[in-house]
Structures are given as structure tokens and as C-alpha cells.
Amino acid sequence: MDFLFSEDERLLQESVREFARREIAPLAAEIDRTGVIPDRLILKMAEMGLMGISMPQGLGGAGMSTLCYAIALEEVAAACGSTSTLMAVNNSLACWPLNRYGTSFQKERFLMDLTSGKKLGAFALTEAAAGSDAAHIQTEARRVEDGFVLNGNKLFVSEGARAGVVIVFAVTDREKGHKGLTAFITENGMKGFRVGRSEKKMGIRGSDATEIILEDCFVPNEHLLGREGEGFKIAMETLDGGRISIAAQSVGLGRAAYEAALDYARNRQQFGRPLSDIQAIQFMLADCSTELDAARILTHRAATLKDEERRYAKESSMAKLYASEAANRIAYRAIQIHGGYGYTEEYPVERIYRDARVTTIYEGTSEMQRLTIAKELLRS
Ligand SMILES: Cc1cc2nc3c(=O)[nH]c(=O)nc-3n(C[C@H](O)[C@H](O)[C@H](O)COP(=O)(O)OP(=O)(O)OC[C@H]3O[C@@H](n4cnc5c(N)ncnc54)[C@H](O)[C@@H]3O)c2cc1C
């Protein structure tokens, strides 16, 4: 692994950083308050290539590597947690499986809309009784002439209310256990597809997490993603890659908290000197910076392995586990360094602290990452 960026990677980092500081960061507090990411921002992100970074150029993507995707996502997350969730879901959880498993018809019909920002993508796996234990979903898909009829309720679907294209996982053969799951491409507006309640969340409030209700929803054969019975594999492969994006998001959130704390420590005076002259504060800053670098290196290693088409499940779990836990520690310290002011909406660390909290939960909790890492360690 090269610790120095190539010229292209450096230029990408600079341009996305500049874009995120100019176009996204000024909206972050408003997005958190209103719970809405403006459509015009999504379109600007699509123009920058951020809605399908690693997708082929022929399908409207930017044709870049997973490493470039991680670099760009860190910058967006440093500007706004909610916007980075929307970007991660679209890129990793919707575009990636469509490109990997979709037919030419499906890529033309659905993927192009997602890379161009015309529509948003979403991923519906979780249900009330099946979170970490995703193989035990209850949503059923019954075969009928020309397609399937879906019935069930999905929960916590990020961008579920706004998404035009939702990848839904359902049981086609209960007796086959996880091998009886199948992936379907559904569209908001299909008969029998309904958006239910939105969760009232602690953070990433601009990224709506909703219920999706499927009531006798007919899905034609052309909307089957991959083969019948391949759904669990598609979901797990998608999440293996998705974890790199949550790791990158965590690095971005952690960096924003650290930079805010560093700035505050330099400017706030107590006992006649800046906080940054106090060794207790310096130690917290040193720990933040060290953990950020470690998190970023783990993230870029996982991205590089994926780009080289080598095994990366253990490394993406390690990156997600470490980076998400580190982002939470860093956000905690950043508030501590701000003292009482850090606990108010006046400073961004309050929002970052709330936004970072979900990173140890979605796309597999820290406990599930440890299980994956241990399973891989004990394979041989
Ligand atoms: C904001 C947000 C957005 C989300 N977006 C999406 C989305 O777009 N699509 C989607 O499908 N899902 C989404 N989710 C769902 C998310 O992936 C699940 O919440 C997550 O996988 C955990 O499932 P659960 O909430 O049911 O917790 P549970 O599985 O009930 O876990 C509860 C606790 O028990 C622990 N635990 C469970 N099993 C084990 C075990 N075997 N060993 C050790 N510990 C265990 C967990 O680690 C956790 O601490 C989202 C969630 C949130 C909060």
C-alpha cells in the first residue's frame, strides 16, 4: 500500500474538499435542523461525480477507484454527516449491487438515474425482527406469472421516502434458509409499495430512515437482481463494500470534530493562557490525531484491497469497527475540549457527536464486525 496519494487522488481530494467547504458545510446546521438535504445540492454532487464515483463512465459514473471514493466521502462527511450518509447509501448500497449484479436493461433503466442524481437509491434489508440477524427476514416474495408478489415491512431504510429505486430483500424459499433469499429492484410508485413512518433520530437527521410497506406489490421478472436465491450473498457482498464507506464517513466526522477542537483550544483562554498550552488538552488532541490516522490507514487499506480484487471482508470490518469507535471517542473529546459550549448548538461538535453515534450501529454493529473479523481469523 502506498502511503502517498497519486497526483489524481490528491487533485480529487483538493477539489472535493473545496466543493464540500463551499457548498455543503454552510448548509449542515440547516440540514440537521430541518431534516432535509436540498435537491439542488444532490444535483451539484452528481455533477461533481459524487453520486456514482466508482461506477463506469459509460453508465454516468466517474469511473474512479474505491480508494478515490473513500477520499471523497471523508471530505463530504467532514462537511455534513447527513449528506455523507445519503452519498454512501447511493454509491455503496444501491449503485454497487446494480452494477455488479444488474442486467444491461437494469443498468440502463436504473443505474443511470442514480449516478446522475435524477433519482436516489436505497437498500431495504432490515425488518423489525431481523437486524443483525439479517438472514431471518420475513418479507415474502411469491412467484406468480411474469414475476413475484412481495409482502412485508422494511424498517430503517435510509432515504426510503425520497428514493426512486429501492433494492428489497425477500424470502422466496423459506426452507432453504439464507439461500432462500432473493434481491428485487422496486420503485417508489409501484402498486403496493408504500412509505411508512420515519424514525425520529438522534443524528444524521437529514438522512431520513423510513419504513417501507409492501402489500401485494407485483415486481416483474426483469426486476430480479441477480438470481433467485442469491439475495443473501448480494446483501453481504454489498455490505462488505459498504463498510469501507462507513469507515470513511467516520474518518470525516472524526476529523471535523478534531479540527474544531484544535481551533477552539488555540483560541480559548483560561488561567491567562490558551487551552492548547495545557498538557491535559494536548494529550486529548494527540490521541485524536493518532486515532484518526490509524482509522484512515485501515480504511484506505480495505479500499485498496477491494480495488485490487483481493479478499477484503476482514479488512473492511476492521476499518469500520476501528474508525467508527474512534470517531465516537474523538467527538466525545472534542466536546470535552469545548467545555460547556461544546454542549450547545452554537458549536458544530454537538451535531457531529450525534451524527457519529450511528456509525457503530448501521451496516453491522461493532459486535457484528468483531464476529466477522474473528470468523476470518479462525478460518484456516
Ligand atoms: C440511522 C439508521 C439508518 C439505517 N439504514 C438502513 C438501511 O438503509 N437499510 C437497512 O436495511 N438497514 C438500515 N439500518 C438498520 C441497521 O443496519 C440495523 O439497525 C443494524 O444492523 C442493527 O440491527 P438492530 O437495530 O435490529 O439491532 P439488533 O440486531 O437487535 O442488535 C441489538 C444489540 O445486540 C447486539 N447483537 C445482536 N446479535 C449479536 C450477536 N450475535 N453477537 C453479539 N452481539 C449481538 C448488537 O450488536 C446490538 O448491540 C439503519 C439503522 C439506522 C439506525
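Predicted model: local features only at pLDDT ≥ 70, side-chain atom pairs only at ≥ 80, totals over all residues.

Residues are numbered from 1 along each chain as its sequence is written.

**Exercise 1.** Find which domains the chain is assigned, and how many residues of domain 1 are in contact with domain 3.

Solution. Start with the bounds, which come from an automatic or database domain assignment: domain 1 is 7-119, domain 2 is 122-229 and domain 3 is 233-377. Next, the centres of domains 1 and 3, taken over C-alpha atoms, are 20 Å apart. Now count contacts (C-beta atoms, placed from the backbone, within 7 Å): 22 residues of domain 1 meet 23 of domain 3. On the domain 1 side, helices H2 (28-34), H4 (66-79) and H5 (81-101) each give at least two residues; helices are DSSP runs of H or I, at least four residues, and strands runs of E, at least two, numbered from the N terminus.

**Exercise 2.** Work out which residues Ala261 touches.

Solution. Leave out residues up to four places away in sequence; what remains is Leu285, Cys288, Arg333, Ala334, Ile337, His338 and Val349.

**Exercise 3.** Trace the strands that pair with S7 (residues 209-220).

Solution. Pairing takes at least two DSSP bridges between strands. First, S3 (residues 147-158) runs antiparallel to S7 over nine bridges, with Lys154 partnered by Ile212. Then S6 (residues 193-198) joins S7 through four bridges, also antiparallel, and there Phe193 stands opposite Leu214.

Notes:
Contact = placed C-beta atoms within 7 Å.
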